[in-house]
Structures are given as structure tokens and as C-alpha cells.
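User: I have a new model open and would like to talk through some of its details with you. Could you take my questions as they come?

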Amino acid sequence: MTQLDLSDNNLNALKAEGSGAVADALRKMDKMTQLDLSYNGLRAEGAAAVARALGRMDKMTQLNLSNNDLGAEGAGAVAGALERMDRMTHLNLSNNDLGAEGAGAVAGALERMDRMTHLDLSINNLKAEGAGAVAEALGRMDKMTQLNL
């Protein structure tokens, strides 16, 4: 399987069991190129479980984790996985309350993503510090065609 859309399924409703079960299944899908887990209420706990699986998906080109209330802690977990995804072209982390700290963590991963064409970090309360960190990473992304902050 290379594409999977599990959006809007409230996967974290069962806390660790919901997102953990999905993460366990995802670990076996290392050929995945497109994954949509938006609108699932993952929060930091679910993001950590999913990030462990994402770290194995180095062929990923499109990832949507929008509207999951990840916060800075969840963003940090996801950023660790994103660092291994250098083929990424589309990334949507909008509406996750990343704040400046979470934006800084994600910016570190973005620096390695020179193929990025579409990036959405809107509705995240990035503040000047977080926006500055993202802006620095964007300077290395010469293929960017769509940016939403």
C-alpha cells in the first residue's frame, strides 16, 4: 500500500489504544508515500505513537496531520520522524497549536526537505520566534510553490 486516508476518524478516542493500534499497523507500511491522518484528535500522546511509525516511512511524499491538537510536544515527536523524510513534497500541519516551540522543532526537520513544494503551518500561533525559525528553513526550499502560514 502506498496511499492511505484515515482522516476524520477520531482515532484517539480510545486514547493510546486507538492511535497505538493505527501506529502498529503503519509500522508495517514502509512503502507508504501518501498518508492523511487529519482530524483525528491525536494530541501529543497519539502523535508520539504515530511518529514512531512515521520514522520508518522514508518514501513519504505527502503527509497531512492537520487538526490534531498536537501542541509543541506532539510537534517535537513528529519532527523527529520528519527528519528522515527527505522526499517530502507536501506537508500539512495546520491547526495544531504548535506555538513557537513546536514551530522551532518542525523547522529543524524542514531544513532537510529540499523537495518541498507545498507547506501549510497555518492556524498554529507560531509567533515571531516560531515564524523566524520556519523562515530560516524556507530559505533552503527553492522548489516551494505553495506556502500557508
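User: Let's begin with serine 66; in which loop is it found?

Analyst: This is a predicted model, and in it serine 66 sits in the loop that runs between β3 and α3.

User: Is serine 66 buried or exposed there?

Analyst: Serine 66 counts as buried, because its relative accessibility is 3%, and the cut-off for buried is under 20% relative accessible area.

User: Which residues is serine 66 in contact with, leaving aside its neighbours within four places in sequence?

Analyst: With those neighbours set aside, serine 66 is in contact with Ser38 and Tyr39, and also with Asn92, Leu93, Ser94 and Asn96. Its side chain also makes a polar contact, at 3.3 Å, with the side chain of asparagine 67.

User: What about the backbone of asparagine 67, what is its phi?

Analyst: Asparagine 67 has a phi of about 55°, which is positive although the residue is not a glycine. Asparagine 67 is placed in the loop between β3 (62–64) and α3, and it counts as buried, given a relative accessibility of 18%.

User: Where is aspartate 8, which also has a positive phi?

Analyst: Aspartate 8 lies in the loop between β1 (3–5) and α1 (16–26), and its phi is near 55°, a positive value in a residue other than glycine. Aspartate 8 counts as exposed, because its relative accessibility is 60%, whereas asparagine 67 counts as buried at 18%.

User: Switching to asparagine 124, which backbone nitrogen does its side chain reach at 3.0 Å?

Analyst: That is the backbone nitrogen of aspartate 97, which the side chain of asparagine 124 reaches at 3.0 Å.

User: On to helices, then. How do α3 and α4 pack?

Analyst: Two packed helices are described by the angle between their axes and the distance between the axes. For helix α3 (residues 71–82) and helix α4 (residues 99–110), the angle is about 5° and the axes are 8 Å apart. The two helices are therefore roughly parallel to each other, since angles under 35 degrees count as such.

User: Which residues meet in that contact of α3 with α4?

Analyst: From α3 there are Ala72, Ala75, Gly76, Ala79 and Leu82, and these meet Glu101, Gly102, Ala105, Val106 and Ala109 in α4. Sorted by class, the contact of α3 with α4 has seven nonpolar residues, two polar and one charged.

User: What covers the buried residues of α4?

Analyst: The cover includes α3, β4 (90–92), β5 (118–120) and α5 (127–138). The residues of α4 that are buried are Gly99, Ala100, Gly102, Ala103, Val106, Ala107, Ala109 and Leu110.

User: How do α2 and α3 pack?

Analyst: The angle between α2 and α3 is about 0°, with their axes 8 Å apart, and they are therefore roughly parallel to each other. In this contact Ala44, Ala47, Ala48, Ala51 and Leu54 of α2 meet Glu73, Gly74, Ala77, Val78 and Ala81 of α3, and the residues involved divide into eight nonpolar, one polar and one charged.

User: How many residues does α2 have, and how far does it reach?

Analyst: Helix α2 (residues 43–54) has twelve residues and reaches 16 Å from its first C-alpha to its last, which is close to the 16 Å expected at 1.5 Å a residue. Its buried residues are Ala44, Gly46, Ala47, Ala49, Val50, Ala51, Ala53 and Leu54.

User: Last one, lysine 31: where is it, and is it buried or exposed?

Analyst: Lysine 31 is placed in the loop between α1 and β2 (34–36), and it is exposed, with a relative accessible area of 54%. Its C-alpha is separated by 5.7 Å from that of threonine 2, although the two residues are 29 residues apart along the chain. Leaving aside neighbours within four places in sequence, lysine 31 is in contact with Met1, Thr2 and Lys59.

Technical notes:
Residues are numbered from 1 along each chain as its sequence is written. This is a predicted model: local features need pLDDT of at least 70, side-chain atom pairs count only at pLDDT 80 or more; totals for chains, interfaces and linings use all residues. Side-chain values use heavy atoms; hydrogens and water are left out. Axes are lines fitted to C-alpha atoms, for helices over the stretch in contact, and angles run from 0 to 180 degrees between N-to-C directions. Helices (H or I, at least four residues) and strands (E, at least two) are DSSP runs, numbered from the N terminus. Angles under 35 degrees count as roughly parallel, over 145 as roughly antiparallel, 65 to 115 as roughly perpendicular and the rest as oblique. Contact means heavy atoms within 4.5 Å. Ala, Val, Leu, Ile, Met, Phe, Trp, Tyr, Cys and Pro count as nonpolar, Asp, Glu, Lys and Arg as charged, and the others, Gly among them, as polar. Buried means under 20% relative accessible area, exposed over 50%, partly exposed in between (1.4 Å probe, protein chains only). The expected span of a helix is 1.5 Å times one less than its number of residues. A polar contact is a pair of N or O atoms within 3.5 Å; within protein, one must be able to donate a hydrogen and the other to accept it, and residues adjacent in sequence count only if both atoms are side-chain atoms.
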